[in-house]
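Work through the exercises below with the coordinates open. Each task is followed by a solution in steps.

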Amino acid sequence: MYKEKAKFFDCQIDAEWADAEYTGEEIAKVEKIFDLCKIEQGSKVIEPGCGSGRLTQLLAERCGAEGEVFALDISPKMIEKAKQRLKKHDNVKILCELLENVEIVSEGYDAVVCHQVFPHFENKEIILNKLVKALKPGGYLIISHLIGIEEINDVHRKSNSPVENDIMPSNDDIKKMFAEAGLELIFLEDEKNCYNVLGRKKETEKS
């Protein structure tokens, strides 16, 4: 199914949602995401589902030269555009690959930012556990969208595309998944114009 999704996203490369510059309102939402995760100069961040690199660019600037951003996506065309967008940023590693197939050696990442991607994971529990393992104790993982769950799921269901079954779990299910993955739930908001759920890896969690 991922192959079909990759083809779908390849065809979305010039779509406004994928490549347009962020509006002022959206920038404010993105900055809130970064603040919630305490991303700052020197931070090490993983960004699965980076798309065309819009958020990746802002992450790279936020983390600075001493920081690191590891971004990946399954769409070759999205990755091609992301690499072009990020060509002047030496603190970014960009990879076209399934997250399930990637070996993340370091367990010292400060944050994982799953921005507008979590519904598209086939096995969300496995992915969540893998990402949490990559975090250092006390590190943050956020699942974020610029719209609420109801609209996210409605858009996908009506898309008549390979992502039509990519549904965001309920808030209760997310809370359960976070707990089972070793994340302490810090913050959850599900509003019409944004969705953010933030967890922190427990200090006593053994990697």
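The model is predicted.

**Exercise 1.** List what Ile147 touches, leaving out residues up to four places away in sequence, and place Ile147 in the fold.

Step 1. With heavy atoms within 4.5 Å as the criterion, the contacts of Ile147 are Ile152, Glu191, Lys192, Asn193, Cys194 and Tyr195.
Step 2. Ile147 lies in the loop that joins strand E5 to helix H7.
Step 3. Lys192 is 45 residues from Ile147 in sequence, yet their C-alpha atoms are 5.9 Å apart.
Step 4. The relative accessible area of Ile147 is 26%. Buried requires under 20% and exposed over 50%, so Ile147 is partly exposed.

**Exercise 2.** Find the buried residues of helix H7 and decide how they are arranged about its axis.

Step 1. H7 spans residues 149-157, and its buried residues are Ile149, Ile152, Asn153 and His156.
Step 2. Viewed down the H7 axis, these residues fall within an arc of 90 degrees, so they line one face of the helix.
Step 3. The general rule is that an α-helix has 3.6 residues a turn, so residues three or four places apart point the same way.
Step 4. The cover over the buried residues of H7 includes strands E5 (135-145), E6 (183-191) and E7 (194-201), along with helix H8.

**Exercise 3.** Describe the packing of helix H6 against helix H8.

Step 1. The axes of H6 (residues 124-134) and H8 (residues 171-181) are 9 Å apart, at an angle of about 45 degrees. H6 is therefore oblique to H8.
Step 2. The crossing is right-handed.
Step 3. From H6, Lys124, Glu125, Leu128, Asn129 and Val132 meet Met177, Phe178, Glu180 and Ala181 of H8.
Step 4. Sorted by class, this contact has five nonpolar, one polar and three charged residues.

Definitions and conventions: Residues numbered from 1 in each chain as written. Predicted model: local features only at pLDDT ≥ 70, side-chain atom pairs only at ≥ 80, totals over all residues. Heavy atoms only, no water. Axes fitted to C-alpha atoms, helices over the stretch in contact; angles between N-to-C directions. Helix = DSSP H or I, 4+ residues; strand = E, 2+ residues; numbered from the N terminus. Parallel < 35°, antiparallel > 145°, perpendicular 65-115°, else oblique. Left-handed = near helix turned anticlockwise from the far one by under 90°. Nonpolar A, V, L, I, M, F, W, Y, C, P; charged D, E, K, R; others polar. Buried < 20%, exposed > 50% of the residue type's maximum accessible area, 1.4 Å probe, protein only. Arc of directions from axis to C-beta.
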